[in-house]
Amino acid sequence: MFLKEKGTNHLVEVVVLQGLFDPFQDWISGCYHYGEEAQEPEKIAKATLIFPSGEPLPQCWLDPHYRDHEIAGKG
């Protein structure tokens, strides 16, 4: 899966998708796609990534407590 880094607009290929979907992981393993040669995988903060369309990543991928307010309201 390809995402885009907010600050640089560089494409990032996510190496392990499980890390992207896990809200308890703040970092993913990804490869930047720029220049002529393939880049080595490196640790990239999920908070710096967006979809290539410019849309943000879903909160359920970033915040393990994204539904806490719903649960608190049902008590």
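This report covers the sheet, the core, the aromatic residues and a few loop positions of one predicted model.

## Basis

The model is predicted: local features need pLDDT of at least 70, side-chain atom pairs count only at pLDDT 80 or more, and totals for chains, interfaces and linings use all residues. Residues are numbered from 1 along each chain as its sequence is written, and side-chain values use heavy atoms, with hydrogens and water left out.

Five strands form an open sheet in the order 4-3-2-1-5, with antiparallel pairing. Strand 4 (42-45) and strand 5 (49-50) are the edges; each has a single partner strand, so one side of each lacks a neighbour in the sheet. Strands here are DSSP runs of E, at least two residues, numbered from the N terminus. Two strands pair if DSSP finds at least two bridges between them. Strands of a sheet pair through backbone hydrogen bonds, either parallel or antiparallel.

Strand 1 (residues 2-5) runs antiparallel to strand 2, and three bridges join them. Within strand 2, Leu11 is the bridge partner of Lys4. Strand 2 also pairs with strand 3 (residues 27-33), antiparallel, over four bridges. There, Glu13 has Cys31 in strand 3 as its bridge partner.

## Two faces of strand 2

Side chains alternate along strand 2 (residues 11-14). Val12 and Val14 point to one face and are buried. Buried means under 20% relative accessible area, exposed means over 50%, and partly exposed lies in between (1.4 Å probe, protein chains only).

## The nonpolar core

The largest nonpolar core has ten residues: Leu3, Val12, Val14, Leu20, Ile28, Tyr32, Ile44, Leu49, Leu57 and Trp61. Strand 2 and strand 3 are the elements that give two or more residues to this core. Such a core is a set of buried Ala, Val, Leu, Ile, Met, Phe, Trp, Tyr and Cys residues joined through side-chain atoms within 4.5 Å.

Leu57 has contacts well beyond its sequence neighbours. Leaving out residues up to four places away in sequence, Leu57 touches Leu3, Leu20, Lys46, Leu49, Ile50, Phe51 and Leu62. Contact means heavy atoms within 4.5 Å.

## Aromatic residues

There are three aromatic pairs. Phe21, Phe51 and Trp61 form one aromatic cluster. Rings of Phe, Tyr and Trp (its six-membered ring) pair if their centres lie within 6.5 Å; planes under 30 degrees apart count as stacked, over 60 as edge-to-face and the rest as tilted.

The charged end of Lys43 sits over the Trp27 ring, 5.3 Å from its centre. The rule asks for NZ of Lys or CZ of Arg within 6 Å of the ring centre and within 35 degrees of the ring normal.

## Loop positions

Strand 1 and strand 2 form a hairpin with five residues between them. Asn9 lies in this loop. Phi of Asn9 is near 65°, a positive value in a residue other than glycine. Asn9 is partly exposed, at 49% relative accessible area.

Tyr34 lies in the loop between strand 3 and strand 4. Its relative accessibility is 38%, so Tyr34 counts as partly exposed. Tyr34 touches His10 and Gln39, not counting residues up to four places away in sequence. Tyr34 and His10 are 24 residues apart along the chain, and their C-alpha atoms are separated by 6.7 Å.

## Cysteines

The structure holds zero disulfides (pairs of cysteine sulfur atoms within 2.5 Å). Cys31 is buried at 13% relative accessibility, and Cys60 is partly exposed at 30%.
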